[in-house]
Amino acid sequence: MAKKAFSVPRGTSDILPDDMIQWNDLEEKARNILGCYGYREMRTPIFEETELFARSVGQASDIVQKQMLNLAAQGDKAHVGDMTVSGLSLRPEGTASIVRSYIENRFDRAEKLSKLFYIGPMFRGERPQKGRLRQFHQIGVEAIGPESASPYLDAELIALSVDIINSFGIDDVILKLNTLGTKEDKKNFSDYLKQNIGGCLSKLCPDCLSRYERNVFRVLDCKNKNCKAALKGLVLDHSYLSQDSRDYYGAVKAALNILGVSYQEVPSLVRGLDYYTHVVFEVSCPKLGSQDAIGAGGRYNQLVEDLGGLSADAMGFALGIERMLLATSSLVQEQRQGIDLFVVVLEERFFPRALQILKSVRCQGVRADMSFIAGSMKSQMRQANKLNARHVAIIGEEEFNRGILAVKNMNDGSQQEFSLEDLDELIKKVKT
Ligand code: HAM
């Protein structure tokens with residue numbers, strides 16, 4: 001009986017060698033830009049205490065209610081709303097972990113503003129579809145500390161997110177902007193929504209009815225046509241915010257104008273994570289269809305204190321790598337990088353010499369390879385072409401006896417002999 005063949009789990013994917021070229025390119029560009037802006041990379045574990053996510057992302061959020069991937073039977077039990085779940089969960093996002101680490105490692109003692117970034121996988125038990133995965137990757141950026149409390153920092157971070165996205169050749173994006181105000185303003189906003197939506201509950205979908213009770217902001221996100229129609233007359237004019245919060249928002253917009261970053265104000269943008277205060281934003285790429293947010297973020301001035309640290313304002317964002325790759329896939333036809341040198345070995349007994357040559361040239365940064373079976377010249381040349389080799393060196397009887405390599409330039413067909421006594425000349429030739 002044939003043995004069962006395994007497939008990659010739904011909502012995850014293998015990143016194959018050809019894909020890695022684009023992944024590495026994207027990460028390198030991001031690291032360079034983040035370095036220019038003064039951000040330092042760090043890494044946290046891919047799982048944490050479930051309670052950390054419940055207390056930061058929010059007990060009532062969809063992420064914590066429906067999408068957490070618990071590590072069954074690991075760690076003490078945790079209580080999420082009325083559920084009792086495993087004490088450890090795969091991280092659905094990076095901000096909570098970074099704040100946990102910021103507090104635990106007493107970053108506040110060393111600096112008044114910590115500028116941090118991370119690149120890595122996140123996990124959400126969502127129903128998979130195009131652009132919505134169970135394991136996906138984020139480039140996340142967080143600025144934490146009392147000195148982050150500046151509208152100029154908000155504007156700079158938002159501009160940074162757009163800079164990184166643009167550096168991948170993605171220009172057709174819309175930056176959506178809104179403010180939720182302080183913790184107290186959010187309470188007023190929530191009361192305002194409850195009052196104004198309360199009259200049309202019968203027209204809302206069952207999901208929105210429960211959102212109305214648990215987290216009324218999420219009603220504004222509903223894609224259901226009837227819910228959208230029911231909310232049409234709702235006035236979202238920031239009148240529920242304090243004057244200070246409105247002034248802060250005005251200062252962020254003015255700084256964005258100075259930086260030449262264009263934005264669309266979307267007063268219904270509330271975001272699905274509870275920790276946000278003040279400015280929230282989302283960068284979307286309309287051609288991606290229903291999952292069009294390629295990055296999002298905002299301020300979270302309360303979170304450090306809520307997680308047991310000293311009060312510290314903070315702001316950050318995260319970009320979804322897979323969604324950015326979807327947005328670039330129509331632009332970039334990535335060429336396989338290719339190698340500098342392929343060594344064709346015509347007889348088994350020449351392999352020891354070929355191995356030595358490969359070792360020597362690779363030490364000098366030459367990308368080199370060979371076939372490990374002394375097949376026909378034709379089959380080895382086919383392999384060289386497949387690897388996109390720019391040069392091919394042949395070791396046959398004559399080359400072996402004379403201690404030389406005959407090297408063919410695959411672009412122009414020219415041939416040249418090199419002595420094995422001194423490989424420097426060969427290295428110079430094939431590396432250019
Ligand atoms: P988020 O909006 O949940 O925010 O995720 C940020 C980005 O991650 C999204 O815009 C999207 O590109 C990508 N993403 C999210 N879920 C999925 C999924 N299931 N499949 C594929 N891509 C996905 C956060 O995670 C916050 N931690 C951002 C932040 C940092 N706020 C402040 N600091």
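## Exercises: a ligand shell and a helix pair

The shell around the ligand holds 11 nonpolar, 8 polar and 7 charged residues. (Ala, Val, Leu, Ile, Met, Phe, Trp, Tyr, Cys and Pro count as nonpolar, Asp, Glu, Lys and Arg as charged, and the others, Gly among them, as polar.) The model is predicted: local features need pLDDT of at least 70, side-chain atom pairs count only at pLDDT 80 or more, and totals for chains, interfaces and linings use all residues. Residues are numbered from 1 along each chain as its sequence is written, and side-chain values use heavy atoms, without hydrogens and water.

**Exercise 1.** Find the strand that gives the largest share of the shell around the ligand.

*Solution.* Strands are DSSP runs (E, at least two residues), numbered from the N terminus. Strand 11 gives the largest share, 6 residues.

**Exercise 2.** Which residues come nearest to the ligand?

*Solution.* Take the 26 residues around the ligand. Glu93, Arg124, Glu126, Glu142 and Tyr276 come nearest.

**Exercise 3.** Are helix 1 and helix 12 roughly parallel or roughly perpendicular?

*Solution.* Helices are DSSP runs too (H or I, at least four residues). The axes of helix 1 (residues 17-36) and helix 12 (residues 321-328) cross at roughly 110 degrees. Angles under 35 degrees count as roughly parallel, over 145 as roughly antiparallel, 65 to 115 as roughly perpendicular and the rest as oblique. The two helices are therefore roughly perpendicular.

Terms used. Axes fitted to C-alpha atoms, helices over the stretch in contact; angles between N-to-C directions. Near = heavy atom within 4 Å.
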